[in-house]
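Subject: Structure for you to look at

Hello,

Here is the structure I said I would pass on. Please open it beside this email and follow along.

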Amino acid sequence: MNSSSEERIADIKNLLAHHPQGLSINEIAGRLQRHRNSVSRDLHALSLSGQVIQHAFGTTRVYSLAKRTPVSSILDYTSDMILTLDRNNTILSANVPLLNFLHCSADTLIAKSIHAQEHPMLNALSGYLIHEGHHDEQHAYEFSVTLEGQPSFFQVNKVPTVFENGAPGLVLIVHDVTSGVCAREHLERVDLQYRAIIEAMHEMVVRILPDGSIIFANGVFSSFFSLSPDEGRTVSFFTLVYPKDLDGFLSHLASLTPGKPGLTISVRVTPQGGSPVWSRWTFHGIYDRDSLVLVYQGIGRDIRHELETRKHDSLYMKEMAFLTSKPREFLAMTPDADIYKIIATHISGMTPGASAAVFDIDPGSLECVLKATSGEISLKQCFESGAITLPAPPSPPAEVDRISVKMRDELLSGSPIIPGGFLFRKLLTLQGAEADISSCNAIAEMDAISAGLEAKGSLVGAVEVFTRRGQERIDPHLIEAYLSIASLALQRWQSDRSLKESEERFSRIASTNPHPISIIDSSGRYIYLSPRFTELFGYTLDDIPTGKAWFMQAFPDLAEQKLARDTWKCDLAESTPGEIRPRQFRVRCKDGIFKEISFLPVTMSNGQQLVVYEDVTPQLEAVQTRNLLFDIFRSSHDGIFSATIDGRILSWNPAAEQIYGYSSGELEGRDVRILEPPALKGEISAILERVRKGEHIVNHVTQRKRKDGRVIDVCLTVSPIYEEGKTIMGASTIIRDITAQKSEERLRQAEMQYRKHVGNINVGVYRSTGDPEGRFVWGNTSLLRILGYDTLDDLQGVPVSEMFLHTGGRAELLAELMQHGFVKNREIILRKADGSPIHVLVTALATFAPDGSISHINGIVEDITSQRVLEQKVARLSGLSGEPPVILPAPPRE
């Protein structure tokens, strides 16, 4: 038996190499002639080093050599850095990853002590081995060193081992964990930032486990549910959900999957000690690799205000739908329809259970007549007659006027009156015993709203709405908006009825009218020619049975014929019943003589065309005479004078002498305020102050006093006079005596008042934005026709500001609306779609936003172009009257 352990182990390995099937301990001991216990110890050492393996066959153990690749041969195939040491800490091997990291070769390390190495990582391992020593158990350790000025982090696993020769040693497996440590530190920083962001959010943020346990909640969440930080970790989120909504909430959470991990749900939650509150939550599930949910993260917010806003918006949309549908109903209404009944039905339909009464009021006598009722309770039940008048109360007269005027002023205020019902209750008082007492008492005890129906500034009707006490009231703003539409419809309805009556009266007197008249049916055939027509033109129905025959006879020149025909068709297509379409043409009479004829065609309600003719040939001669006078007038100078900035007159021309009656010697050096009438005291000083600021005053219409004391109308243009250095030293004034023009204006106003009674009123209803550019939000068909657009989309595509013929017209209108809140019957010249100008009267009401700006404008547009054309005609006729001639600026040459 050999004496050394190495020799004994070598003998056992040689014996087993010759017996690959294996040998038992007794067989090995017998063949080597050694003691069994000694062989058992050596076999145990070889087993520990992995050089032999044992197999159990019952109670017998058979040993054989292990067939394996040496550890040193596979070290280079791992990415970990591996160092093997003997029991004296001498380096036996180092794999390639370690050598690459150390930037050295194996020769500089092998067979050298690890304690003699200078590399920082090897120095750290050396210190670790000195501290720990050689132990049989495995051990893991983390350390850091500074390499190239940057910290590097490593994890070392110490694995005790026995080498092939049976000697003990160590295998050090080193992992570079720098990236992992940096990532972990970065994650910690990110987590702190995330928590800071979460705490700064206005929404509630919570993380819950699948069982509802809260593992994180931000301050907003805790504050909303009145939870302290400790309570937040012990309360289940599911207990905060309103019990009636919990099953649905859990069902939605259960529907989440890794493929669809998120959802948004509205659910009621219950803060501690509070009522259920609607909230909206977005939950996102976080899953593990096995698709099992780990945690839910939720973001929520209180949506009570949002729901209230949505409810308000829904109500607003319903109101807008109601308001936009009513103009169409009114437009489709015939003159024979009962508009009062329609208004009553509309109003009672706004709120279930409401009752309405509609009154007609005479603007002059203030006599009030109950015209229609509607609703659950018929107001007519209170009276024997459906039409009850409210005359002025008896004496004393002073009390009568005060009460009547007060009622009128309240109803004309433009706003619903709350509490109302005074008209109906006044009726109850006047009827006394004739009324049904039970019905009257029931209605008299209801809540009521009263509002007036206004037309052109006059009170023409009133509406009173009754609702049972405790029942939802009708929105006063909705009533106000509807009544603005109803007032326009009532005005149109009254105009249509007046027009119909006028047409009927006209048809009875047409045969005796001194002006030539013709009536043309819808197919273009002449059905009536007045005697004056044949007298003027010489044509009879046999000569011109159709419009085609008329154009051929009256317009022999083909170019003039085409112009007249196209103009007729165009005017007819763009007009509405009752609208006058004035035109003037040269017409050939049957005897071959040409005459200048003014045509005034109008479409009647039955579709027929009524044409009134006027021979204006004599007026043309008067126009020529007027043009001659105008040329003479133009060749003379306007009145001009200059004055210092304080008002001392410096110069005075002959034309000014004629206007004011003062000679230049009388006024030069005197104060210009001598020309100021007492009623306008201070105006000249105000004008001079404006001039002092550099302002030019153009065409300022005012009044001045002549030398003889007579006050005349003048038009002034005042401009500053500059010295060198642009210093204003005075003012120059150009004067035109417009007294005659003012007379003409009054004549035209009188004519316009007449036309207002007999002409048709074309009313366009619109709503536009309140910004400087402006866009139409909505407009009725009359508005489209007036402005010349085919569809509302076409109209909405054009800025409102571009429709004003005069630059700044839109800005001036907005300025007046900002100051007063409304404008009434403001005359504006607009540009139609085809570019032609149109005169309109605008009445508009501004709706203001919370910031004080104008959000929307509701208004009406009335086409008065035809009236303006007639005014020009009246102006020309006035020159042919027996009045003394007055030199006026001539109208455009015809």
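Below are some notes on the sheet, the helices, and a few single residues.

The model is predicted, so local features need pLDDT of at least 70 and side-chain atom pairs count only at pLDDT 80 or more, while totals for chains, interfaces and linings use all residues. Residues are numbered from 1 along each chain as its sequence is written, and side-chain values use heavy atoms, leaving out hydrogens and water.

The sheet

Helices (H or I, at least four residues) and strands (E, at least two) are DSSP runs, numbered from the N terminus. Two strands count as paired if DSSP finds at least two bridges between them. In general, strands of a sheet pair through backbone hydrogen bonds, either parallel or antiparallel.

Five strands form an open sheet here, in the order β5-β4-β8-β7-β6, and the pairing is antiparallel. The edges are β5 (91–94) and β6 (139–147); each has a single partner strand, so one side of each has no neighbour in the sheet. From one strand to the next, the twist averages 25 degrees; such angles run from 0 to 180 degrees between N-to-C directions, and axes are lines fitted to C-alpha atoms, for helices over the stretch in contact.

One of the residues to look for is S144, whose bridge partner in β7 is F153. Helix α6 (residues 120–132) packs on the sheet and touches β4 (81–86), β6, β7 and β8 (168–176), with its direction at about 145 degrees to that of β6. Contact means heavy atoms within 4.5 Å.

L83 has A94 as its bridge partner in β5. This hairpin has four residues between the strands, and N89 takes a positive phi near 65 degrees in it. N89 is a residue other than glycine, and its place is the loop between β4 and β5.

Helix packing

Two packed helices are described by the angle between their axes and the distance between the axes.

How do α1 and α2 cross? The axes of α1 (residues 5–17) and α2 (residues 25–32) come within 11 Å, crossing at roughly 110 degrees. The two helices are therefore roughly perpendicular; that label covers 65 to 115 degrees, with under 35 roughly parallel, over 145 roughly antiparallel and the rest oblique. From α1, the contact uses D11, I12, L15 and L16, and from α2 it uses I28, R31 and L32. Five of these residues are nonpolar, none polar and two charged. Here Ala, Val, Leu, Ile, Met, Phe, Trp, Tyr, Cys and Pro count as nonpolar, Asp, Glu, Lys and Arg as charged, and the others, Gly among them, as polar.

α1 also packs against α3 (residues 36–48), at an angle of about 80 degrees and with the axes 10 Å apart. That makes this pair roughly perpendicular. R8, I9, I12 and K13 of α1 meet S38, V39, D42, L43 and L46 of α3. This contact has five nonpolar residues, one polar and three charged.

Other details

A salt bridge is a side-chain nitrogen of Lys or Arg within 4 Å of a carboxyl oxygen of Asp or Glu. By this rule there are 29 salt bridges. One of them joins R310 and E306, at 3.0 Å from N to O. These two residues are four apart in helix α12 (residues 304–331), which means about one helical turn separates them.

Finally, the peptide bond from I418 to P419 is cis, with omega near -5 degrees. P419 lies in the loop between α14 (397–411) and α15 (422–431).

Regards
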